[in-house]
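Here is a short briefing on a protein structure. Look through the sequence and the model first, then read the points below.

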Amino acid sequence: MLTDSHAHLDDARFAADREALIQRAWDSGVRRILTIGIGTGPDDMGCGIPVAEAYAWVFASVGIHPHDASKVEERHFEMMEQLAKHPKVLAIGETGLDYHYDNSPRDVQREVFRRELQLAAKLDLPVIIHTREADTDTEEILRAVGPARGVFHCFSSGPALAEAALEMGFMISFSGIVTFPSARSVAEIARNVPADRLLVETDCPYLAPVPHRGKRNEPAFVVETARFLADVRGITLEQLALETSENFTRLFSPRETA
Ligand SMILES: [Zn+2]
Ligand SMILES: [Zn+2]
C-alpha cells in the first residue's frame with residue numbers, strides 16, 4: 001500500500017487522461033493520494049475537492065502557494081476556512097516561502113504564510129510546507145507562529161532545516177528529486193529521517209523520479225521514489241510503503257468515506 005502524499009491532480013496536463021492515470025496509480029499499488037488545492041491561484045483553491053469527491057481514496061488540501069501570495073485578498077482566507085470544512089479536506093497548503101522564483105514579494109509571502117499557519121492552528125489541521133531557498137525565514141516564522149504540525153514537502157533544503165523540522169515535530173516528504181544523481185545530499189538526509197517522520201510524494205506533474213525523469217510525472221511513479229528511499233534506508237519497499245502510509249494516517253487522520 002503506497003501513499004502519494006502530494007500530487008496536483010487538477011493540473012491541466014492531466015485534463016485529457018485524469019481517470020486513466022488515477023486508475024494506473026491504483027494498479028501500481030497506490031491506495032491514497034492527497035491532491036493539493038492551490039490550482040491556478042487563490043480563487044482556484046477548491047480545485048482538488050471534485051477529484052476527492054469522485055474517489056474514496058483521494059483526499060484534498062486547500063491553500064495558497066507562495067508564488068500566488070501577491071494575488072491574495074482578505075476574502076481568500078474566509079474561502080479557505082469554509083472549504084477546509086469539507087470532509088475530504090485534510091490539510092492547509094501548500095504554503096510557505098519561495099525565494100528561488102520570487103514570484104511574489106518576500107514580505108507578502110511571509111504574511112500569507114503566517115495567515116495560513118494561523119488558520120491551520122485555528123482549524124486544528126496539519127500544514128503542507130513549501131520552502132525553497134528560504135530556510136532561515138521558514139524556521140523563524142514556524143517558531144514564531146507555532147505550534148504547528150505538518151510536513152515539509154518535496155524536501156530539497158539542507159541538513160540544518162531538516163533537523164529543525166524534525167525538532168519542531170514535522171514530517172519530511174521526499175519527491176523524485178531524491179532519486180536524481182545530483183541530489184546526493186538530499187538522499188543523505190532521507191537516509192537519516194526517523195521512520196515515523198517520513199513521507200513520500202510525486203509532486204506530479206513535476207519532478208518525475210528516475211527512470212521517468214523529464215517526463216510528465218503521475219502518482220503511479222511514486223513507487224520509484226519509494227523504492228529508492230527503501231534502498232537508501234536498507235529496508236524493503238513493502239516496509240517503506242507501510243511506514244510512510246502509517247505516517248500519513250497519523251498526520252492527516254483521513255476520514256475514510258464510502
Ligand atoms: Zn511545492
Ligand atoms: Zn506541490
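A salt bridge is a side-chain nitrogen of Lys or Arg within 4 Å of a carboxyl oxygen of Asp or Glu. This is a predicted model: local features need pLDDT of at least 70, side-chain atom pairs count only at pLDDT 80 or more, and totals for chains, interfaces and linings use all residues. Residues are numbered from 1 along each chain as its sequence is written, chains are lettered from A and ligands numbered from 1 in the order in which they are written, and side-chain values use heavy atoms, with hydrogens and water left out.

**Salt bridges**

- The whole structure holds 18 salt bridges.
- One of them joins Arg-75 to Glu-73, at 2.8 Å from N to O. Arg-75 is partly exposed, at 37% relative accessibility. Glu-73 is partly exposed too, at 42%. (Buried means under 20% relative accessible area, exposed over 50%, and partly exposed in between, with a 1.4 Å probe and protein chains only.)
- Lys-122 pairs with Glu-81, and their closest N and O atoms are 2.9 Å apart. This pair links distant parts of the chain: Lys-122 sits in helix H4 (residues 106-123) and Glu-81 in helix H3 (residues 74-83), 41 residues apart. (Helices, H or I of at least four residues, and strands, E of at least two, are DSSP runs numbered from the N terminus.)
- Lys-122 is exposed, at 58%, whereas Glu-81 is buried, at 18%.
- Glu-224 and Arg-227 meet at 3.0 Å, N to O. Both lie in helix H8 (residues 222-233), three residues apart, or about one turn of the helix.
- Shared partners join Asp-17, Arg-24, Arg-216 and Glu-218 into one salt-bridge network.

**Zinc site**

- Which residues are the protein donors of the zinc ion (ligand 1)? They are Glu-94 (OE), His-130 (ND1) and His-153 (NE2), at 1.9 to 2.1 Å from the ion. (Donors are N, O and S atoms within 2.8 Å of the metal, or 3.2 Å for Na, K and Ca; water is not among the atoms, so sites may look incomplete.)
- His-130 lies in strand S5 (residues 127-132), and His-153 in the loop between strand S6 (150-152) and helix H6 (159-167), so the pair ties together parts 23 residues apart in sequence.
- Glu-94 coordinates both the zinc ion (ligand 1) and the zinc ion (ligand 2), which are 3.5 Å apart.
- His-130 is buried, at 14%. His-153 is buried, at 5%.

**Cysteines**

- The structure has zero disulfides. (A disulfide is a pair of cysteine sulfur atoms within 2.5 Å.)
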